[in-house]
Amino acid sequence: MFCYQCEQTAKGGCTKAGVCGKTDSTATLQDLLLHLTKGLSQVAIAARKAGVTDPKVNRFVAEAVFSTLTNVNFDDDRFVKLIEKCVALREGLKARVPGVTFDGPAAIQPAADLDSLVAQGKQYGVENDPETNEDLKSLKHTLTYGLKGVAAYADHAAILGHEDEKLHASLQELLVATLSTDLTLAQCVEAALECGRINIRAMELLDAANTSTYGHPEPTEVKLGATKGKAILVSGHDLKDLATLLRQTEGTGINVYTHGEMLPCTAYPELKKYTHLAGHYGTAWQNQKKEFAEFPGAILMTTNCIQKPITYLDSIFTTGLVGWPGAVHVPNGDFTPVIEKALSMEGFPADTDKGTVMTGFARNAVMAVAGTVIDAVKSGDIRHFFLVGGCDGAKPGRNYYTEFVEKAPKDTVILTLACGKFRFFDKKLGDIGGIPRLLDVGQCNDAYSAVQIALALAKAFDCGVNDLPLSLVLSWYEQKAVAILLSLLALGIKDIRLGPTLPAFITPNVLNYLVENYNIAPITTPDEDLKAILG
């Protein structure tokens with residue numbers, strides 16, 4: 001295997017096993033599934049030209065690509081089934097466009113068993129990419145990883161019934177573009193920017209799905225301690241799974257807690273109305289081995305971010321696309337096994353008070369006080385805004401973000417989102433004229449909300465986003481972050497600081513292009529970066 005799609009990749013690329021925990025066989029099956037999905041996309045594009053579209057194919061392409069994103073599915077048997085389904089859908093769609101000849105991955109027949117599939121998949125890994133130009137290869141891999149993020153958001157939105165045929169078509173076309181051997185550097189750059197544009201659409205769909213179903217987030221104080229009694233912990237990103245579980249646990253005496261990127265869910269009116277949504281437990285995904293081991297109840301993983309469950313395999317459950325060998329998978333929204341497990345466990349023996357945090361500062365909440373914000377900027381009470389957020393991770397260097405927020409002057413406001421906020425989410429930074437200095441915008445996909453806030457402020461000040469007193473200081477870990485970065489670039493946003501390290505799949509020439517055209521810079525130290533930004 002060779003994998004360098006995440007920030008924590010070992011020495012430029014994992015070769016024996018993934019830092020994330022995936023085995024060589026899992027990585028190879030993911031490579032094969034991704035390649036075959038590109039073949040399915042080839043057929044879907046030809047079918048669309050003939051006037052034929054298949055919603056099942058569209059949904060599957062997003063699901064299959066998302067399943068190869070870091071920390072989603074580690075179950076080889078599940079990947080074998082996905083490969084089988086991919087080929088079945090492909091052949092069924094071929095039959096609807098007779099007379100068209102397909103080659104490449106659209107013509108590959110998968111091997112008959114697991115070992116043979118792994119052997120077959122070896123030829124489609126990153127290390128065997130036929131592209132000989134390192135810069136083109138870098139851009140194609142950037143595009144591929146960005147598309148994994150797009151697929152994730154498209155899948156999240158589709159779960160709540162929000163889809164866009166044009167988005168599906170673009171996702172499939174860009175997947176097939178990565179197979180081309182005659183793209184120029186300019187064409188590869190444009191394809192990456194188009195990935196960023198369709199990701200904006202995917203996040204817009206997801207935002208509409210969440211807010212139309214559960215209401216717009218409201219500023220909400222969330223308890224960090226525990227309530228005595230039986231407990232279920234929900235991690236990942238999926239609001240529908242949380243809502244379903246809350247309905248199914250009403251009257252059972254079980255308290256439900258959020259973990260990781262589920263924290264912002266506590267601010268949605270249709271979710272926080274449940275009195276047994278008891279608060280938030282724990283921090284970011286990389287701390288789950290300790291936090292989950294200490295949690296005295298059942299655990300439900302709804303999307304990506306799962307790590308190897310060592311001591312708590314019998315109390316963790318997966319749903320959706322998440323998979324871990326040996327963990328019970330609940331595929332159909334009936335969380336009875338999770339509830340039964342929680343009832344059989346001890347639960348919290350007593351109430352504990354660990355304070356509270358605020359969340360729910362999405363675009364509606366912030367723009368409701370836009371006049372106050374604008375006046376504070378004009379009067380000089382607010383000198384600058386920082387968006388400090390993104391993915392958290394275990395690799396050294398992420399204490400930078402804690403120090404940056406702590407050292408940011410008291411006349412600045414910190415917007416944050418995604419699990420990177422857990423480096424400082426419980427800091428008491430005070431307020432400026434009633435406006436909290438720390439504003440939690442939401443999950444990683446709520447970058448859409450942050451962009452809408454920035455665009456609204458730019459309109460109010462009659463300037464471009466790059467002219468606002470706003471700086472982006474971002475952390476990345478996996479492929480959703482790649483998609484969001486490409487979206488920011490597609491919007492023309494410049495002067496982004498990125499860390500804790502730059503992607504291993506970015507070549508020096510591609511990095512120079514980003515520096516010259518967007519002034520992207522790696523983080524240095526909080527003091528140096530604050531001085532450079534504020535003068």
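These notes go through a predicted model, starting with its sheet.

1. The sheet. Six strands make up an open sheet. Read across, the order is β4-β3-β2-β5-β6-β7. The pairing is parallel.

2. The edges. Look at β4 (277-280) and β7 (328-329), which stand at the edges of the sheet. Each has a single partner strand, so one side of each has no neighbour in the sheet.

3. Take β5 (residues 298-301) and β6 (residues 316-318). They pair in the parallel sense, over 3 bridges. Within this pair, I299 stands opposite I316 of β6.

4. A helix on the sheet. Helix α8 (residues 239-249) packs on the sheet. α8 touches β2 (230-235), β3 (254-258), β4 and β5. The direction of α8 makes about 165° with that of β3.

5. The cores. The largest nonpolar core has 143 residues. Which of them touch the most other members? They are Y257 and I496.

6. Around I496. Leave aside residues up to four places away in sequence. I496 then touches L472, L474, L485, L488, L489, N519, I520 and A521.

7. Around L114. This residue lies in helix α4 (residues 114-121). Is L114 buried or partly exposed? L114 has a relative accessible area of 31%, so it counts as partly exposed. Not counting residues up to four places away in sequence, L114 touches L29, D76 and V80. L114 and F79 are 35 residues apart in sequence. In space, they are 9.5 Å apart, C-alpha to C-alpha.

Conventions: Residues numbered from 1 in each chain as written. Predicted model: local features only at pLDDT ≥ 70, side-chain atom pairs only at ≥ 80, totals over all residues. Heavy atoms only, no water. Helix = DSSP H or I, 4+ residues; strand = E, 2+ residues; numbered from the N terminus. Buried < 20%, exposed > 50% of the residue type's maximum accessible area, 1.4 Å probe, protein only. Contact = heavy atoms within 4.5 Å. Core = buried A, V, L, I, M, F, W, Y, C linked by side-chain atoms within 4.5 Å. Pairing = 2+ DSSP bridges. Axes fitted to C-alpha atoms, helices over the stretch in contact; angles between N-to-C directions.
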